[in-house]
Amino acid sequence: MFLSPRHAEIIQMAKDSGRVLVDELAAHFGVTPQTIRKDLNDLCDQRLLSRIHGGALFPSGIENVEYEARRKIAAEEKDAIGRAAARLIPDKASLFINIGTTTEAVSKALLDHTGLMVITNNINVANRMRVYPEIEVVISGGVVRGSDGGIVGEAAVDFIKQFKVDYAVIGTSAIDEDGGLLDFDFREVKVAQAIIANARHVILVADATKFERMAPVRIGHLSQVDTFITDRCNSEEIRRICREAEVQLIETGL
């Protein structure tokens, strides 16, 4: 497949960062936003990128975007989501935090809390929180994924089942229009399902790009969570599911 030099560079930038934005590309190449929109539409027509509002994503229907690139996607939105989630969790609470860049943002926002007991299968979360004496960190056993420091497998599932906590903070790789919560690794999904089953209040944290993505493995359904925090929800169907299932929807971008 022939790609112009600009198209090839756009693809590489999307691969490196997970997404590209129209305004940033226009400034980078010194062309108009209209020219970039046409470029992105052409690349999306060839299924080399996936269009989102204001830009495009590197496609990830089977394999997830590299972890460091995922950290850069919607970073400010994730920080705002993290702060909103932290406000719902009181001092002296027990909670699960699972794998994901958005759940990591929650862990960062929780560092000023006291008396927390945090059970996690995320090495990055454990490493950030362990140095705070007011927070007790308990980490699961299992297989450590080199790509992101997530701990997965049956040992992690069995470990999680020992607890019944006040809150669970979970992420998801994609949210289907029917409310399905989706991920890429069936081993991670089993851990997430155990976390949902063993928490009194489940908080789902996911930025709006998760509505644009696809993943092959089902974690569960939006109706299984108590609170859903996102930067914005443009889907009326998702709003309807939240209303009917009495899921509290919090949008930080408003």
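**View 1. Helix 9 lies across strand 11 and strand 13.** Helix 9 covers residues 186-197 and runs at about 15° to strand 13. Axes are lines fitted to C-alpha atoms, for helices over the stretch in contact (heavy atoms within 4.5 Å), and angles run from 0 to 180 degrees between N-to-C directions. Helices (H or I, at least four residues) and strands (E, at least two) are DSSP runs, numbered from the N terminus. The model is predicted: local features need pLDDT of at least 70 and side-chain atom pairs count only at pLDDT 80 or more, while totals for chains, interfaces and linings use all residues. Residues are numbered from 1 along each chain as its sequence is written, and side-chain values use heavy atoms, with hydrogens and water left out.

**View 2. Three strands form an open sheet in the order 10-11-13, with antiparallel pairing.** Strand 10 (174-175) and strand 13 (217-221) are the edge strands, each pairing on one side only. Two strands pair if DSSP finds at least two bridges between them. Strand 10 and strand 11 (residues 180-183) run antiparallel and are joined by two bridges. Isoleucine 175 stands opposite leucine 181 of strand 11.

**View 3. Helix 2 (residues 22-29) has Val22, Leu25, Ala26 and Phe29 buried.** These buried residues line one face of helix 2, because they fall within an arc of 100° seen down its axis (directions from the helix axis to the C-beta atoms). On the other side, Asp23, Glu24 and Ala27 are exposed. Buried means under 20% relative accessible area, exposed over 50% (1.4 Å probe, protein chains only). The cover over the buried residues includes helix 1 (5-17), helix 3 (33-45) and strand 1 (19-21). Glycine 30, with a positive phi near 70°, follows helix 2.
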